[in-house]
Amino acid sequence: MPETGETAETGGVREVKSAARTVELLELLAARGDRPARLQELADELGVPRSSMYALLQTLISRGWVRTDVTGSLYGIGIHALLTGTSYLDSDPRVRLVRPYLDEASEALGETIHLGRLDGRGVAYLATRESHEYLRTISRVGRRLPAHVGALGKALLAQRPDEELPDGPYEALTPHSHTSRRALLADLAKTRERGHSVDREEGVLGIVGFGFALRYDTPAQDAISCSVPVARLTPEHEERIVTVMREIRAKIEATAPGSAGAGDWR
């Protein structure tokens, strides 16, 4: 692999290899969550010399992007990743716009409400209002879930042509997850017909989700959802959830036509 500072042509733009390597390292550490990595693991995973990986890690440690244990042999994501992520949420005009409506939906339904954004083949959680009846031990904000297994992701996938859906098999998070393209396409067809998605324990066992794309972009990039434990989901409660969430979506879309006064970020 080229040494630090070298560039390569990619899509007509010169990619800085040292910058790409840094991003790949940070993404790898972030994906590991609470599982710190050793130097050799990281070097092997990214295919770079051990000495180059060590130098990169030390640089990032000194700037707070990577942290290490007292022995200096284990590495994890650093606090500056949190600070940057928080800045993203604070500076995004659509997140600011939607937050009060998440509060409104949470108060009306007493359930957990999410805002998510499509990120490649996954959905990143940007805001959550937790139910007082069912509290997760770990917040989903800042985390990513495969688009094909959740209400948010399926609501957004349904806004896109079927041709864009990659071939399977897809990852199964629960026994209820769609793992074939054919099954997912059938689900997305029903989503378009209903006007909202339904996730019946496909991402988390015991939890049903209802997702609604926010159509201020074409195709939609953001969606909101309501999650409820199976034990509390009656036909009457499901009907009320759908009614309230449709009303909340309509309010958001009416308040935020187009870019909501923000730049057209890509």
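**Exercise 1.** In which loop does Pro169 lie?

*Solution.* Pro169 sits in the loop between helix 6 (151-157) and helix 7 (181-194). Helices (H or I, at least four residues) and strands (E, at least two) are DSSP runs, numbered from the N terminus. The peptide bond from Gly168 to Pro169 is cis, with omega near 0°.

This is a predicted model: local features need pLDDT of at least 70, side-chain atom pairs count only at pLDDT 80 or more, and totals for chains, interfaces and linings use all residues. Residues are numbered from 1 along each chain as its sequence is written, and side-chain values use heavy atoms, with hydrogens and water left out.

**Exercise 2.** Locate Glu201 and give its phi.

*Solution.* Glu201 lies in the loop between strand 9 (197-200) and strand 10. Its phi is near 60°, a positive value in a residue other than glycine.

**Exercise 3.** Which residues of helix 1 meet helix 3?

*Solution.* From helix 1 come Arg21, Thr22, Leu25 and Leu26. They meet Ser52, Met53, Leu56, Leu57 and Leu60 in helix 3. Contact means heavy atoms within 4.5 Å. Sort these residues: six are nonpolar (Ala, Val, Leu, Ile, Met, Phe, Trp, Tyr, Cys and Pro count as such), two polar and one charged (Asp, Glu, Lys and Arg); the others, Gly among them, count as polar.
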